[in-house]
Amino acid sequence: MSSLPGCVASVPEQPATSVTFVMNTVVEYELYGPDEQAEEAIQAIDQALRDLENRMSLYLEDSEIQRLNAAAGNGEWIPLSEDTFDLLKRAKEFGDASGGIFDITIAPLTELWGVTSEHPQVPSSEEIQQALALVDYRGLELDESLQAARLTHAGMAVDLGGAAKGYACDVARKVAQQYEITSGYLSIGGNLMVIGQKPDGKQFTFGLRDPRGSANEYIATISLPDSTMATSGDYERFFEQDGIRYHHILDPDTGYPSNGGLMSVSVVTPDGALADFLSTTLFILGRDAALEQLNNIPGCGLILVDTDKNVYLSDSLKEWFTPADSTGSYQFEVPA
């Protein structure tokens, strides 16, 4: 994958591109690299993401997470791959850092609501309380020496949906580097991973989706030089019943979809797993708490869109951000 001594591998002006479906979402690739390496990198990244899905999915019968969940409460240690163990370890640390707002044992509630299933429902308050009793990330125990995990109570279950795609961005970046990719991006669901800038020196620029528009409507553009952006929003997966929107981001304190006055939270930082964790956590915490962190998280930039269509932006992102709301319904840079 490296060029011969004394030779410089040229980077073509046209990228290698691909669109696949992995981890229950559409994945788009645009990579620039020497010779055939960009095409090879796409294939290698795609395989790496499929391997992650096979290990970490809540919905695949033989995944490591399913085996962990199936053994909940019986005391058995479930051996894990390095990736799965590392992400579970980070997720527990995220749980500590958020005071339990980020909780990967949310699965009993996820499955109860079924927002992403074919038959979503609004559960009864009794059902929600029963599921809530099983949600506590501290009941996930890890053994470093065994590289294994277990859940302390029967009925507990892990759902890595709040961190897996961000972690996948980190894995994709590492694979791309192995193939000497110096320019390109990957889009996976609400997450973006960007490497460098375009070969002509221009930045990669992306649309920030209108939370109340179609998938192709956006309210701003943002350039992301060598970074990752994760977005959590109430428009990604939801259903409506009796005129009320119920989205998939559940509050582990209440058992209901978070209702903190935000439509979307985007976090820009090189660490994809951290970006995913922060976007989820800040969305659940709500508008006022998120605004307090707007310029207070080292190495991270935030874009907040509240339910009144105000858009708030960290100072560190202002040079990369351009409003593009054709309807004029969004207010930008509203004082906090």
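The chain has a mean pLDDT of 92, and 95% of its residues reach 70 or more. Here pLDDT is the predictor's confidence in each residue, from 0 to 100. This is a predicted model, in which local features need pLDDT of at least 70, side-chain atom pairs count only at pLDDT 80 or more, and totals for chains, interfaces and linings use all residues. Residues are numbered from 1 along each chain as its sequence is written, and side-chain values use heavy atoms, with hydrogens and water left out. Over residues 1–9, pLDDT stays under 50. For that stretch the model has 9 contacts beyond four places in sequence; a contact means heavy atoms within 4.5 Å.

## Nonpolar cores

A nonpolar core is a set of buried Ala, Val, Leu, Ile, Met, Phe, Trp, Tyr and Cys residues joined through side-chain atoms within 4.5 Å. Buried means under 20% relative accessible area, exposed means over 50%, and partly exposed lies in between (1.4 Å probe, protein chains only). The largest core holds 70 residues. I45, L49, L88, V158, L160, L186 and L304 have the most contacts inside it. Helix α1, residues 37–56, gives the most to this core, with 9 residues. Helices (H or I, at least four residues) and strands (E, at least two) are DSSP runs, numbered from the N terminus.

What does L160 touch? Setting aside residues up to four places away in sequence, L160 touches M56, I65, L87, L88 and I104. A second, separate core has 21 residues. Among them are L192, L208, V311 and F321.

## Two buried loop residues

T105 sits in the loop between α3 (82–97) and α4 (107–113). T105 counts as buried because its relative accessibility is 0%. Its side chain reaches the backbone nitrogen of D136 at 2.8 Å. That is a polar contact: a pair of N or O atoms within 3.5 Å, where within protein one must be able to donate a hydrogen and the other to accept it, and residues adjacent in sequence count only if both atoms are side-chain atoms. T105 also touches other residues beyond four places in sequence, including L134, V135, Y137 and L151. M156, A157 and V158 are on that list too.

P211 lies in another loop, between β8 (205–209) and β9 (218–223). Is P211 buried or exposed? P211 is buried, with a relative accessible area of 2%. Leaving aside neighbours within four places in sequence, P211 is in contact with Y235, M263, S264, V305 and Y330. P211 and P123 are 88 residues apart in sequence and 25 Å apart in space, C-alpha to C-alpha.

## Salt bridges

A salt bridge is a side-chain nitrogen of Lys or Arg within 4 Å of a carboxyl oxygen of Asp or Glu. By this rule there are 12 salt bridges. The table gives some of them.

| Pair | N to O distance |
|---|---|
| E144 and K89 | 2.7 Å |
| D226 and R173 | 3.7 Å |
| R287 and D306 | 3.0 Å |

E144 and K89 form a salt bridge. E144 is in the loop between β4 (140–143) and β5 (148–151), and K89 is in helix α3, so this pair ties together parts that are 55 residues apart in sequence. K89 is partly exposed, at 32% relative accessibility.

The side chains of D226 and R173 also meet in a salt bridge. D226 lies in the loop between β9 and β10 (228–233) and R173 in helix α6 (residues 164–178), so the pair ties together parts that are 53 residues apart in sequence. D226 is partly exposed, with a relative accessible area of 44%. R173 is buried, with 14%.

R287 and D306 meet through their side chains as well. This pair links distant parts of the chain, 19 residues apart: R287 is in helix α8 (residues 287–292) and D306 in strand β14 (residues 301–306). R287 is partly exposed at 26% relative accessible area, while D306 is buried at 1%. R287, D288 and D306 are linked in a network of salt bridges.

## Cysteines

How many disulfides are there? The count comes to 0, a disulfide being a pair of cysteine sulfur atoms within 2.5 Å. Take C169. Its sulfur is 14 Å from the closest cysteine sulfur, in C300, and that is too far for a bond. For C300, the closest cysteine sulfur is in C169. C169 is buried, at 0% relative accessibility. C300 also counts as buried, at 8%.
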